[in-house]
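Please find below my note on this model, written as numbered points for a colleague who has the coordinates open.

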Amino acid sequence: MINLVLFGPPGAGKGTQSEKIIRKYGLIHLSTGDLLRAEIAAGTTLGLEAKQLMDQGILVPDAVVIGMIENKIKENQTAPGFIFDGFPRTVAQAEALDTLLGKFNLSISNMIALEVNEEVLTNRLLERGKTSGRPDDQNEDLIRKRVQEYTEKTAPVANFYKAQNKFTGINGIGEIEAIFNEIVAILEA
Ligand code: AP5
Ligand code: MG
């Protein structure tokens, strides 16, 4: 069983690589960003509250995303494994995830971090913003705010998995296929 945390700043390629990994391994993709956008699209109270924060590039409260992940793990107990994309994003979320997985006798097998510098991230997201319709891709200030949230609150999560000897960082700049091959090599090592 593979339970992978795919890590990296906004625009690092987490969603892009997740799609390829689920196609190869049949894992369940758990992207908290996608789950939150689905709540927004459905017009739920949770979605409306989350939208206020997401549109400013600010993280939503830990309890909200932890609750969503818990529901999804419960719903998919026969899955061959999970890819966590955009979660955990704070040390508190990482601790909650370990506790939650422990209840199901599961654990994280690896964290793979896609390393991409801010200039490349900004260009990728501004480009995607032309067609994505994502409000948080629309201008450079918002993208910088997202990167700042990442640096302050999310980057420390890497240390949590380093302490468990589960962390591998890879270069997230280059051909999508080459990056995918590197991920596969780590998963199969
Ligand atoms: P979320 O949806 O997770 O967005 P994000 O982390 O900002 O990351 P993105 O989805 O923008 O980037 P990605 O790494 O998936 O890259 P992608 O593959 O799309 O979160 C949105 C918001 O929700 C947060 O700001 C927060 O408010 C809230 N939220 C979500 N989770 C939360 C949590 N756990 N706790 C609290 N709040 C939470 O690629 C980006 C672009 O680059 C694409 O156009 C792609 O085609 C292109 N690209 C990808 N790889 C390459 C490559 N190798 N070369 C060239 N281009 C590439
Ligand atoms: Mg994404």
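1. Basis of the note. This is a predicted model, in which local features need pLDDT of at least 70 and side-chain atom pairs count only at pLDDT 80 or more, while totals for chains, interfaces and linings use all residues. Residues are numbered from 1 along each chain as its sequence is written, chains are lettered from A and ligands numbered from 1 in the order in which they are written, and side-chain values use heavy atoms, with hydrogens and water left out.

2. Helices α1 and α9. Helix α1 (residues 14-25) packs against helix α9 (residues 176-188) at an angle of about 50°, their axes lying 10 Å apart; helices here are DSSP runs of H or I with at least four residues, strands are runs of E with at least two, and both are numbered from the N terminus. Axes are lines fitted to C-alpha atoms, for helices over the stretch in contact, and angles run from 0 to 180 degrees between N-to-C directions. The two helices, α1 and α9, are therefore oblique to each other, given that angles under 35 degrees count as roughly parallel, over 145 as roughly antiparallel, 65 to 115 as roughly perpendicular and the rest as oblique. The contact (heavy atoms within 4.5 Å) involves residues including Thr-16, Lys-20 and Ile-21 of α1 and Phe-180, Ile-183 and Leu-187 of α9. The contact residues of α1 with α9 divide into 8 nonpolar, 2 polar and 4 charged, where Ala, Val, Leu, Ile, Met, Phe, Trp, Tyr, Cys and Pro count as nonpolar, Asp, Glu, Lys and Arg as charged, and the others, Gly among them, as polar.

3. Helices α2 and α3. Helix α2 (residues 32-42) and helix α3 (residues 45-54) have axes 7 Å apart and pack at an angle of about 120°, which makes α2 oblique to α3. Gly-33, Leu-36, Arg-37, Glu-39 and Ile-40 of α2 meet Leu-46, Gly-47, Ala-50, Lys-51 and Met-54 of α3, and the residues of this contact divide into 5 nonpolar, 2 polar and 3 charged.

4. Helices α6 and α7. For helix α6 (residues 118-132) and helix α7 (residues 140-154), the packing angle is about 130° and the axes are 10 Å apart; α6 and α7 are therefore oblique to each other. Residues that meet across this pair include Leu-121, Leu-125 and Arg-128 in α6 and Ile-143, Arg-144 and Val-147 in α7, and the contact of α6 with α7 divides into 5 nonpolar, 1 polar and 5 charged residues.

5. Ligand 1. Of the 31 residues around ligand 1, Thr-16, Thr-32, Ile-58, Arg-89 and Arg-128 come nearest, a residue being counted if one of its heavy atoms lies within 4 Å of the molecule. An oxygen atom of ligand 1 lies 2.8 Å from a polar side-chain atom of Lys-14, and an N or O atom in the side chain of Arg-37 is 2.8 Å from an oxygen atom of ligand 1. A nitrogen atom of ligand 1 is 2.7 Å from an N or O atom in the Thr-32 side chain.

6. Backbone features. The peptide bond joining Phe-87 and Pro-88 is cis, with omega about -5°, and Pro-88 is placed in the loop between β3 (81-85) and α5 (91-103). Asn-105, although not a glycine, has a positive phi of about 60°; Asn-105 lies in the loop between α5 and β4 (110-115).

Terms used: Polar contact = N/O pair within 3.5 Å; in protein donor to acceptor, adjacent residues only side chain to side chain.
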